[in-house]
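Here is a short tour of one protein model, taken a region at a time. Please keep the structure open beside the text as you read.

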Amino acid sequence: MSKTEYKIRLATENDAQAVHDIYGAYVPLDYVTFTVNNPNVEAYRQKIINTLDKYPFLIAENGVGEVLGYVYGSQLRPHDAYQWNVEWTIVLSPDATKRQGIASALYKEFAKILVKQGYRYIYGVLVDTNKASFEFHKSLGFNEVGHFENAGFKLGAWRGIRWMVKRIGTFENEPQKPLKLSEVI
């Protein structure tokens with residue numbers, strides 16, 4: 001099997017349909033996401049626009065422009081003292097060839113940008129039965145810091161979540177506010 005050629009770029013609102021379709025493929029699966037109903041394309045368009053003000057939203061696409069996966073950041077908690085932390089979401093298309101380094105490349109570019117912005121930690125929240133995602137996070141250097149049993153009910157069963165974290169920044173007494181995405185790209 002030949003290696004899949006791909007590039008990583010910033011998302012645009014024109015990627016909303018592809019992001020909707022990729023995420024929508026996982027919504028019916030109880031071990032990947034707690035989302036029960038996939039939001040509409042407009043909701044994804046707004047998510048892309050709103051995310052890019054503060055966090056990276058990156059797309060991996062092949063040579064003919066098909067989206068293979070994406071990664072984006074969001075606010076960890078709504079309090080100012082958490083502003084140096086990012087919760088991330090990474091999703092590969094079910095059609096993307098596995099074990100080609102796409103997810104790892106998305107993560108590396110994502111983390112590189114977050115470091116430039118001044119963020120300190122990346123958090124991931126995983127359905128606890130998603131062993132592949134758990135192993136992927138561990139391979140990137142994330143550590144499990146929490147397990148909430150029976151945190152959500154979907155498709156007739158209770159599922160738990162695992163919180164994973166990776167330190168990406170340094171610490172000083174008075175940190176500067178993280179830079180906007182437009183200030184580093």
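## The buried side of helix α2

In this predicted model, helix α2 buries Tyr44, Ile48 and Thr51. Looking down the axis of α2, you will find these buried residues within an arc of 75°, so they line one face of the helix.

## Rings around Trp88

Now for the aromatic residues. A pair of aromatic rings is described by the distance of the centres and the angle of the planes. Searching the whole structure gives 14 aromatic pairs. One of them joins Trp88 and Tyr107: the ring centres are 5.4 Å apart and the planes stand at 75°, so this pair is edge-to-face. The pair links distant parts of the chain, with Trp88 in strand β4 (residues 85-92) and Tyr107 in helix α3 (residues 102-117), 19 residues apart. Trp88 is buried, at a relative accessible area of 4%, and Tyr107 also counts as buried, at 6%.

How are the rings of Trp88 and Phe136 arranged? Their centres lie 6.5 Å apart with the planes at 20°, so the pair is stacked. Since Trp88 belongs to strand β4 and Phe136 to helix α4 (residues 131-139), this pair ties together parts that are 48 residues apart in sequence. Phe136 counts as buried, with 19% relative accessibility, because the cut-off is under 20%. Ring pairs join Trp88, Tyr107, Phe110, Phe136 and Phe142 into a cluster.

## A buried serine in a loop

Ser93 sits in the loop between β4 and α3. Is Ser93 buried or exposed? Its relative accessible area is 8%, so Ser93 is buried. Leaving aside residues up to four places away in sequence, Ser93 touches Ile22, Tyr26, Val67, Leu68, Gly69 and Lys98.

Most residues other than glycine have a negative phi, and most peptide bonds are trans. Two residues to check against that background are Asn150 and Leu155. Asn150, in strand β6, has a positive phi, near 50°. With a relative accessible area of 48%, Asn150 is partly exposed. Leu155 lies in the loop between β6 and β7 (157-167), and its phi is also positive, near 55°. Leu155 is exposed, with a relative accessible area of 57%.

Glu149 belongs to strand β6, which covers residues 143-154. Glu149 is exposed, with 62% relative accessible area.

How values were computed. Residues are numbered from 1 along each chain as its sequence is written. This is a predicted model: local features need pLDDT of at least 70, side-chain atom pairs count only at pLDDT 80 or more; totals for chains, interfaces and linings use all residues. Side-chain values use heavy atoms; hydrogens and water are left out. Rings of Phe, Tyr and Trp (its six-membered ring) pair if their centres lie within 6.5 Å; planes under 30 degrees apart count as stacked, over 60 as edge-to-face and the rest as tilted. Helices (H or I, at least four residues) and strands (E, at least two) are DSSP runs, numbered from the N terminus. Buried means under 20% relative accessible area, exposed over 50%, partly exposed in between (1.4 Å probe, protein chains only). The arc is that of the directions from the helix axis to the C-beta atoms. Contact means heavy atoms within 4.5 Å.
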